[in-house]
Amino acid sequence: MITADEAQLLRIELLQRAASSYEKIGSRQAAAECWAELGDYGKAGEQYAQGGDLDRAARAWLQAGSYREALSAYRQWEQQLSPGDTWRRLQALLGQSACHVLGTRGSSPVAPDFSAAVGRE
């Protein structure tokens, strides 16, 4: 019988192996979900983006605090949307807003191109 700590370590090891295996065979969505389950949202964002899922990539990067990558993905995603896709366009714009606002927080801004005023706009 294994302890709870050993079970957690085993779970982490198996998820890491699964993510790496999925990456090797090009199953980006599955790899991203493994990385997200592990709490590595930066790697999850990379995999989602490589798989063409800019919406999920942007959200993962936002969660990881990678605001520059998230903003870029939100902008690209918005450009791909059809003119009548109001709901998704709103999501993309709100995501961009969050990147601007969060990117200016803290003692030193993540990037000079972020603006809280643009985020509120």
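Predicted model: local features only at pLDDT ≥ 70, side-chain atom pairs only at ≥ 80, totals over all residues.
Residues are numbered from 1 along each chain as its sequence is written, and side-chain values use heavy atoms, with hydrogens and water left out.

Arg59 forms a salt bridge with Asp55, in which the closest N and O atoms are 3.0 Å apart; the term denotes a side-chain nitrogen of Lys or Arg within 4 Å of a carboxyl oxygen of Asp or Glu. Because Arg59 and Asp55 are four residues apart in helix α4, about one helical turn separates them. Asp55 is itself among the buried residues of α4 (residues 54-64), which also include Leu54, Ala57, Ala58, Ala60, Trp61 and Leu62. These buried residues pack against α3 (41-50), α5 (67-80) and α6 (86-103), where contact means heavy atoms within 4.5 Å. After α4 comes Gly65, whose phi is positive, near 85°.

By the same rule, the count of salt bridges comes to five. One of them joins the side chains of Arg11 and Glu37, at 2.5 Å from N to O. Since Arg11 lies in helix α1 (residues 4-25) and Glu37 in helix α2 (residues 28-37), the pair ties together parts that are 26 residues apart in sequence. Arg11 is partly exposed, with a relative accessible area of 31%, and Glu37 is likewise partly exposed, at 48%. A further salt bridge links the side chains of Arg17 and Glu13, at 2.7 Å from N to O. Both Arg17 and Glu13 lie in helix α1, four residues apart, or about one turn of the helix. Arg17 counts as exposed, with 54% relative accessibility, whereas Glu13 counts as partly exposed, with 33%.

In the chain as a whole there are seven helices and zero strands, these elements being DSSP runs numbered from the N terminus (H or I of at least four residues for helices, E of at least two for strands). Of the 121 residues of the chain, 29% count as buried. Among contacts with a separation of 6 or more, 21% are accounted for by residues 24 or more positions apart. The chain exposes about 7,600 Å², of which carbon and sulfur atoms supply 51%.

Key: Buried < 20%, exposed > 50% of the residue type's maximum accessible area, 1.4 Å probe, protein only. Areas by Shrake-Rupley, 256 points an atom, 1.4 Å probe, with all protein chains shown as cover.
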